[in-house]
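User: I would like to learn how to read the features of a protein model one at a time. Please start with the terms and then go to the cases.

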Amino acid sequence: MLRPTTRLILRQPTLLSVRPRLLPSPALQHPILRALHQTPARWDSPFSLEPSPGPQVTGVSGLPEGKEEKEDKRGKREKLIDALANNPAFAAVVSTLLGLSVIFACGGIYMAWYKWSILNKMEVAFQKGYDPALELANLADHVGPEASSTHIARPEQPIIRQIMRGECPGRYFLILGSKGVGKATMMLDAMREIDADRIAVCEAHPDLEVFRLRVGKALNYEFLEDFYGALFQRREPRDAGPLLDIERAMSKLEKVAMRIQQKTGHPIVFVFNNMHLFPNDETGAAVIHQLQHRAEAWAESGIATFVFSSDDFWVFEKMKKNANRLSVVSVYDLPRADSIGALARFRASRFGAADPLLAAPDKGASVLEQVYSIVGGRLSHLSHVARELDPLAAAQRLKEREKAWLLARIGLIGGDMDDDVMDEQKWSSCSWLLLRNLARQRIPGDADSAETDTDADAEAQDGGGEDAGPPLEADPERVPHVSYYKARQLMTRTDFLEPLDHANIIAIDVSHDVRTDSHLLLTACREVVSEEGFDELLEETRDRIDEIEWLNRTREITVHGLIKHAEEEAEKGGGKGKLTLEVRI
């Protein structure tokens, strides 16, 4: 008896088509039981799931034609989806695209939020009580005397108050005055009255990188330094330079100014203090013109008022070229009555009832008059001497200090100077030509009234010349001055006025009048000019300068053996010779 054989055919199922596989009968799974059967083992079963072949019928379909096409398309689509779903490369691409989409969406949301936060932070800079300059001023008032007792109301205070309150739209302003006249004090007082509402203050600096940081501090703007997107940039925003960073800040400020003007109906006020600290070159001029361009445009639209403050005249010269809506506010020293009143208030806030001058009122008034005749109406000088027990002695010391500083800057050497210092002495001699004229003026503004000899000056100093008035004891209110044109003639140079103004030796106002920087400096100049031998020293210095310049322009030629050669030529010619000398340089 033959043992039945079992034939097993295995086919690996595919992903696209899976056919049902017949399993062997239970008997085949157990060989012992299968041995008792007499029929051969079969894999095929009459209960197979596959349809049995039947008669072929043509032209008849089980499904409608349209539905059959849809089923085919759906089957193909399902096959494609299954193939892509099982493809690792496609899964990686989809994951990457989804990740990048999330990153870009989050980045766009962060960018929108960051720009919104920048404008909000800059708007906070113009809210009440925010300005750092006002905070420092308030701290100084808490440490020292109260502002109401020390800050003097000046004639220019009303216009400064209107500017700070935003009541002067359509213009921008340049506050021009010498150092120590009270420009910054007036602006801080006006800011304190309205609690710095809609006001920001920025201090200038010679280094533009430092100035960029100060602009950012005043506007509460970080110049994209707190922007997380900078982590993916190849270079930082500050690499473009401070001018471009300032332009970015101005672009943001324009939006904030429009927003504040729509809310309050008043323009913002942006103050740039000490503009003379910028370098007087192409870089400094570029910064001034950049700010002035914004000031012109925003003043015309009424959204912002720029206020510039400067001690030097060259800032006005740079701005005058492109100025259409510029208004200049000149600040001078206090007159006599206000100066003496300021001295009394300063001493009252410092000493109170313990003031030694209050013991003898008549003597105290005389002392204050003498102090005023020495230091004049400059607030910084009045504040300095008023806080001393003996203000007259303090004024004398201040005058001696100013005189020593002046001689150290432009002191004359005389006829014994070396040629290496010729340029420095040229500047000093030309400066003293102007200062001598201002110190000897009998009529303020009349340069010809100073053309007197030494004897006349000595007679005036001794009490003579009552008709013309003593030039060395002039009233501080009668300030000697000359025009800019006349000053160039007196100095015989056109390039020395600007360095003198920058050194705070002279001051030039908007009317192009040249005067000494302060009455204290004028008093020191009068002492130097009245010294014996000053005119001779000045003339010796100028003569020595002319001599050095003549030596530099002269060339000496030394010829050796010329006479011997002439004699030899004469002997050869029988006593008749002609000498010809040709010199080429």
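Analyst: Buried means under 20% relative accessible area, exposed means over 50%, and partly exposed lies in between. The model shown here is predicted. By that cut-off Ala 196, at 0% relative accessibility, counts as buried.

User: How many residues does the protein chain have, and what percentage of them is buried?

Analyst: The protein chain has 585 residues, and buried ones make up 38% of them. Its accessible surface is about 34,800 Å², and carbon and sulfur atoms hold 55% of that area. The secondary structure consists of 23 helices and 8 strands.

User: What share of the contacts in the protein chain with a separation of 6 or more comes from residues 24 or more positions apart?

Analyst: A contact here means heavy atoms within 4.5 Å. Among contacts in the protein chain with a separation of 6 or more, 76% are between residues 24 or more positions apart. Leaving aside residues up to four places away in sequence, Val 271 touches Met 164, Met 187, Ala 200, Val 201, Cys 202 and Val 307. Between Val 271 and Ser 309 there are 38 residues of sequence separation, and their C-alpha atoms are 7.8 Å apart in space.

User: Is Val 271 buried or exposed?

Analyst: Val 271 has a relative accessible area of 2%, so it is buried.

User: Now the charged side chains. How many salt bridges does the structure hold?

Analyst: Side chains of opposite charge can pair when their charged atoms come close. The structure holds 25 salt bridges. One of them joins the side chains of Arg 212 and Asp 245, with an N to O distance of 3.5 Å. This pair links distant parts of the chain: Arg 212 is in helix α9 (residues 208–219) and Asp 245 is in helix α10 (residues 242–264), 33 residues apart.

User: Are Arg 212 and Asp 245 buried or exposed?

Analyst: Arg 212 is buried, with a relative accessible area of 1%. Asp 245 is buried as well, with a relative accessible area of 2%.

User: Which other pair links distant parts of the chain?

Analyst: The side chains of Lys 403 and Glu 531 meet in a salt bridge at 3.0 Å, N to O. Lys 403 is in helix α16 (residues 391–410), while Glu 531 is in the loop between α21 (519–530) and α22, and the two are 128 residues apart. Lys 403, at 14% relative accessibility, counts as buried, whereas Glu 531, with a relative accessible area of 40%, is partly exposed.

User: What does Asp 495 form a salt bridge with?

Analyst: The partner of Asp 495 is Arg 493, and their closest N and O atoms are 2.9 Å apart. Asp 495 counts as partly exposed at 41% relative accessibility, and Arg 493 counts as partly exposed at 26%. Elsewhere, salt bridges that share partners join Glu 209, Arg 212, Asp 245 and Arg 248 into one network.

User: How should I read a patch of charge on the surface, and which residues gather in the negative one?

Analyst: Patch residues have over 30% relative accessible area and no salt bridge, and like charges are joined within 9 Å. The negative patch gathers Asp 416, Glu 532, Glu 536, Glu 539, Glu 540, Asp 543 and Asp 546. Asp 546 is in helix α22, residues 534–553. With a relative accessible area of 44%, Asp 546 is partly exposed.

User: Which residues gather in a patch of positive charge?

Analyst: Lys 70, Lys 73, Lys 76 and Lys 79 form a patch of positive charge on the surface. Lys 70 is placed in helix α3, residues 65–85, and at 65% relative accessibility Lys 70 counts as exposed.

Definitions and conventions:
Residues are numbered from 1 along each chain as its sequence is written. This is a predicted model: local features need pLDDT of at least 70, side-chain atom pairs count only at pLDDT 80 or more; totals for chains, interfaces and linings use all residues. Side-chain values use heavy atoms; hydrogens and water are left out. Patches are made of residues with over 30% relative accessible area and no salt bridge: like charges are joined within 9 Å, nonpolar side chains (Val, Leu, Ile, Met, Phe, Trp, Tyr) within 5 Å. Accessible areas come from the Shrake-Rupley method with a 1.4 Å probe; for residues, only the protein chains shown count as cover. A salt bridge is a side-chain nitrogen of Lys or Arg within 4 Å of a carboxyl oxygen of Asp or Glu. Lys and Arg count as positive and Asp and Glu as negative; His and the chain ends are not counted. The place of a charge is taken as NZ of Lys, CZ of Arg, CG of Asp or CD of Glu. Helices (H or I, at least four residues) and strands (E, at least two) are DSSP runs, numbered from the N terminus. Buried means under 20% relative accessible area, exposed over 50%, partly exposed in between (1.4 Å probe, protein chains only).
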